[in-house]
Amino acid sequence: GSCTVPSRHSMKTRNPGRKHRFPCSFLLGMVICMCGCHTAWIASNASAVTHRLASSRPHQQVMSDLDETSRLRSQLELLPDVLNFARMRGLQVGNAYQRIDSIAGPVSWIVVAADPNTMSLHHWSFPLVGKVPYKGYRFRDHAQQEANQLITLGWESEVMAVEAWSSLGWFAEPMLTSLLELPEHRWVTTLLHELVHRTIHMPSNAQWNEGLATFLGNRLAQEWLVSRHGEDGDESTRHRLRYQDEMRLNR
């Protein structure tokens with residue numbers, strides 16, 4: 001059967017329609033003022049978000065610049081259908097992914113850290129989202145500095161590239177061309193995963209948020225792929241085997 005995201009309960013949901021309520025610059029300024037010792041960090045990341053939003057181009061404009069045989073164009077042609085599928089399954093799409101971000105490289109870099117004895121994760125606290133077990137940076141060097149500082153304090157720490165992001169419904173995220181260059185089953189799963197974050201978010205509960213987005217993202221992606229390629233199609237099979245591998249690794 002089909003999978004539909006449940007409507008609002010006790011968790012916080014984001015209404016993408018609110019993006020027109022405040023100008024982007026005002027909201028970013030408000031967040032910076034709320035952040036105290038995080039001001040420099042917020043300002044850097046806010047500039048990265050603003051840069052990507054400003055540099056993105058409308059979907060149809062990007063399409064018109066691509067050759068008809070281009071693989072990227074064929075993926076862009078699928079994008080409206082995937083977004084409509086997400087809407088029909090209860091995800092809050094709003095105006096997200098209507099523009100295309102062609103900037104090369106990772107969206108950002110995140111620092112993660114854990115106690116080497118207990119494997120418990122280090123958490124950072126931020127306004128709006130609460131406590132999370134990672135901290136993102138616009139530049140890799142800045143992320144590495146944070147990781148090195150944590151290592152000197154006795155933590156195991158690592159820096160990882162981020163291939164997609166969600167504003168939890170505050171902004172209309174652009175679609176990354178680097179994401180569309182992945183196989184269909186990969187980019188569709190990632191897109192649906194991020195749309196789950198955009199629809200439902202429980203502050204200070206990263207494990208629940210990621211678990212829900214992973215489960216629903218994979219479940220919905222499988223439904224989409226089967227509808228297009230059949231149960232035994234190559235993309236459906238690759239997605240199913242990849243998800244089974246992930247579940248085995250988790251166990």
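## Salt bridges

A search of the whole predicted model finds 9 salt bridges, a salt bridge being a side-chain nitrogen of Lys or Arg within 4 Å of a carboxyl oxygen of Asp or Glu. Side chains of opposite charge can pair when their charged atoms come close. One of the bridges links the side chains of E231 and R240, at 3.5 Å from N to O. E231 has a relative accessible area of 47% and is partly exposed; R240, at 24%, is also partly exposed. Here buried means under 20% relative accessible area, exposed means over 50%, and partly exposed lies in between (1.4 Å probe, protein chains only).

Helix α9 covers residues 234–250. E235 and R238 form a salt bridge whose closest N and O atoms are 3.4 Å apart. These two residues are 3 apart in α9, so about one helical turn separates them. E235 counts as buried at 13% relative accessibility, whereas R238 is partly exposed at 45%. Another pair in α9 is R242 and E246, 4 residues apart, about one turn of the helix. Their salt bridge has its closest N and O atoms 3.6 Å apart. R242 is partly exposed with a relative accessible area of 36%, and E246 is partly exposed with 28%.

## Basis of the values

This is a predicted model, in which local features need pLDDT of at least 70 and side-chain atom pairs count only at pLDDT 80 or more, while totals for chains, interfaces and linings use all residues. Residues are numbered from 1 along each chain as its sequence is written, and side-chain values use heavy atoms, with hydrogens and water left out.

## The chain as a whole

The protein chain has 9 helices and 10 strands. Helices (H or I, at least four residues) and strands (E, at least two) are DSSP runs, numbered from the N terminus. Of the 251 residues of the chain, 44% count as buried. The chain exposes about 13,200 Å², and carbon and sulfur atoms supply 54% of this area; accessible areas come from the Shrake-Rupley method with a 1.4 Å probe, and for residues only the protein chains shown count as cover.

Contact means heavy atoms within 4.5 Å. Among contacts between residues at least 6 apart in sequence, 70% join residues at least 24 apart. A separate example of sequence and spatial distance is the pair S178 and S102, which are 76 residues apart in sequence and 7.3 Å apart in space, C-alpha to C-alpha. S178 is found in helix α6, residues 177–180, and counts as partly exposed at 30% relative accessibility.

## Helix α8

Helix α8 spans residues 206–229, 24 residues in number, and reaches 33 Å from its first C-alpha to its last. This is close to the 34 Å expected at 1.5 Å a residue, the expected span being 1.5 Å times one less than the number of residues. After α8 comes G230, whose phi is positive, near 85 degrees.

The buried residues of α8 include A206, N209, A213, L216, W224 and L225. The buried residues of this helix pack against α4, β6 (130–132), α7 (184–199), β10 (200–201) and α9.

## A three-stranded sheet

An open sheet is formed by 3 strands in the order β7-β4-β8, with antiparallel pairing. Because β7 (135–137) and β8 (156–162) stand at the edges, each with a single partner strand, one side of each has no neighbour in the sheet. The twist averages 25 degrees from one strand to the next; axes are lines fitted to C-alpha atoms, for helices over the stretch in contact, and angles run from 0 to 180 degrees between N-to-C directions.

Strands of a sheet pair through backbone hydrogen bonds, either parallel or antiparallel. Two strands count as paired if DSSP finds at least two bridges between them. Strand β4 (residues 108–114) is joined to β8 by 7 bridges, and the two run antiparallel. A113 stands opposite S157 in β8.

## Positive phi in two loops

Y97 is not a glycine, yet its phi is positive, near 65 degrees. Y97 is found in the loop between α4 (71–88) and β3 (99–101) and counts as buried at 5% relative accessibility.

M119 is not a glycine either, and has a positive phi of about 65 degrees. Its place is in the loop between β4 and β5 (124–126). M119 is exposed, with a relative accessible area of 62%.
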